[in-house]
Amino acid sequence: MKKLLSLALVLCMVLSIVSFASAEEAATKLTLWTFISQHDAYYYTLADMWNEQNPDKQIELECVTLGYDEMHNKLKVALQAGEGAPDICDVEVGQFPNILAYSDSLVPLQDYMGDLMNQLVESRLNLYSKGGNLYGIPYHIGACVTFYQVDLLEAAGIDYTTIVTWDDWYNAGLKLKEYDSTKYMGNVETSTQWQTALMITQLGSDFVDNSDEDNPVATINTEAMLKAVETQQKWVEDGIAVVCPGGQVDTEEGKAYVATNEMASITMPLWYMSRFTSEIGDACYQKYAIAPSPVFEVGQNQSVGLGGTGTVVVKDNENYDLAAQFTVFAKASKDANILIWQELGFDPCNKEVWAMDEVTHDPDNTYNQYFLTNAFDVLNSINEIAGVASTSISPTINTYLDTTLWNEVYIDMMDPAEALEEAQAAIEDELF
Amino acid sequence: MQVMNMIAIKTQNKVKERKTLFIVILGVLLLAYGITGLFTLNGSGAKFDKAYDSSSDLSKYYFQTLDEGESYSLLQGAWLFSVRSRNIWMIGGVLLIAAYFVVNKHLLYSQGIAPYMFMLPFILTFLIFFLYPLVTTIKMSFQSITATSAEWIGFKNYQNLFSNKTFYTAVKNSVRYTVITCALLIPFPLLFAYMLNSASMKYSGLFKAILFVPVLSSVVVAGIIFRMMFSELDGAMMNQIRGLFGLEPIYWLKGEWTAMFAMVLLCCWRWTGMNILYYMAGLKSIPNSLYEAADIDGANSVQKFRCIAWPLLKPTTIYVLTISIYAGLAMFTESYMIFGNNSSPKNYGLTIVGYLYRYGFEKVDKFGFASAVGLVLLTGALLINVLQLRITGVIGRRKGD
């Protein structure tokens, strides 16, 4: 009896091992790290699509969501050590220069892209390239737009469609103050620089001069910066703009503040739509219209591509070839770009999608229902979407601006010119 | 007869030991060989292995760099092979040493070796997880470590460190935090423990539980809750408390002292209970007879505290002070959680460890610099504590006693 039992047990074990082995053979396991939980579901959908279309190259995708800092730091350490990195990883654009330092360990993706190279917006691909190689594939353009709270503005007698310049915007703010002094026209950011980036690109400048790719130079004490900072400081002084709680609208506190509807306008990249629908929710439903952002002078670029996430493939791992094929499929193909809009609410990099009316004007789409105007109408009407450079010194510059400079000029109300000189010196001091 | 037997066995064992001695010598040599290989690596071992296997450029991952066109000699090639197979040598060495003890089982039961066997888990943990990283850190602090290579640069990391203004901000914050927490976390827990310990205290069990519960909470969860409490929104708890006194809401985490207040409050909330526990244990060990004697002499409770409890609690106080200094200087998580990340407004929440983290993990190519920061912190904390322990008389001054 005992023998029989043990025999049965052995048989069971052998069978289970065999069944596991056969399952392994069928699908290649790929690990993916991301720092935004919504991206999981998106990748799983695409993995299913890939498995349907490629019966001979089945994959078994495992997505791991980690915190922003945690994920990027872990990835850096893994790349430094040469082991422990995932097959595929989402990397935020601000962190991308850090990861590009490890380009030896990343797969150049242009060979896998083929024709898709020409279909995606070039300036976005440049962000994730180094030495002629493409190392990351973007989700979106992140075109900066302005969300206007129509009810409130109309009640104050303001027609948001007539706002063209920042002066118009400021005057509208004064009018709004007369109507209700507790409301604000907009906000200034102290822990990031979406709005400032838009302004300085309109004035033809950037935070960094990378005309020499190997030796980028910080350009903080520029005329453009001075004008952008002075403009925003005046807003704060005159009570037109509030210093955003939480440092910017894309933080817990910031989103809670947006939900109070105390701001008449928010200038943010288009991906902020998804924060409205998934996190801010009913409080702002059908209240905001999307419109091109103001400019200093007519003719300047109305938008700039900000933020973003590039997906990289790690070469240290065995299955990098398949991982790269899947990544290109999941991020660059037209199907994927349609899904990027439908599922994630991002403005996809594949411009062909912008013209597909059945996709962009789908009345069942959550984003189309949530806002009073259509995002793609705005995108198609914008004269130019500029870009900001992302270089090896950008993380250092951003750290200083986000921790010190904005607090000095918008909270301590320090003289802008003086603060910018100090910032320039401090950043150069940090770049040893 | 039995005695004769034992002597015979002992002689047999001695012979066996001598005969198998070569095994342990070989084992130690192999282990040393493997460890030397480990230390001749520069940077990542995994990358070295990969480069070796694909016979590409090794000089980036090896201490000996090559000039253009130069190649490794035959002897160096043999050494590189041994570096590649360092794990085999190390495992082999350990196995041989183990084999020696298996053969000479009696040694494990001898009085000379058994104690070391019991200490082995600690010794191994210490060597692998403390000493090895420490030695590597010292090595790295003299190097510039980039994504692909490690280069010796002498004292440049230290020069950069001492000329960097942000470093002094971090030191200032850490020292300030340490001083404040030490000043609060010793007298108050002592007072509370004394009160809880006294017989006239009612519901002392309940109070003990309430004061101790925060110790068990996770600093991450507590940090997030404190961040919400100190939020700048009007509805945040601390701003509402200000409202009760008719004060305007403020940006708690954007002011130098209010931010420090938030961090210190979190620390005190969490650690008061723990320190009370230490003091309770200290108080319990004071014999009752001393108090009774004092009663007979007519001492009041203040005198009893000053002349009995305080002097006899000195060892506890020194212990609490030592760990508080260390914990204060090494603080990081509290600041990280309260500010939501490692960058706080104007670096008001930046600590030395936060500074280390910024360079070691948030930036690239700065592992060497971060190692230097770590060593400076270690040296500083050691110096302060040694000084403190000398002043309080725990170390030194033994001869005169």
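At the interface, 37 residues of chain A are in contact with 39 residues of chain B, contact being heavy atoms within 4.5 Å. This is a predicted model, in which local features need pLDDT of at least 70 and side-chain atom pairs count only at pLDDT 80 or more, while totals for chains, interfaces and linings use all residues. Residues are numbered from 1 along each chain as its sequence is written, chains are lettered from A in the order in which they are written, and side-chain values use heavy atoms, without hydrogens and water.

The size of an interface is often given as the accessible area lost when the parts come together. Between chain A and chain B about 3000 Å² is buried, with carbon and sulfur atoms giving 50%; the figure is the accessible area (1.4 Å probe) lost by the two parts, summed over both.

Three salt bridges join chain A and chain B (a side-chain nitrogen of Lys or Arg within 4 Å of a carboxyl oxygen of Asp or Glu). One of them pairs B:Arg227 with A:Glu252, at 3.2 Å from N to O. By class, the side of chain A that touches chain B has twelve nonpolar, 14 polar and eleven charged residues, where Ala, Val, Leu, Ile, Met, Phe, Trp, Tyr, Cys and Pro count as nonpolar, Asp, Glu, Lys and Arg as charged, and the others, Gly among them, as polar.

Leaving aside neighbours within four places in sequence, A:Met185 is in contact with residues including A:Tyr148, A:Trp169, A:Ile240 and A:Ser265.
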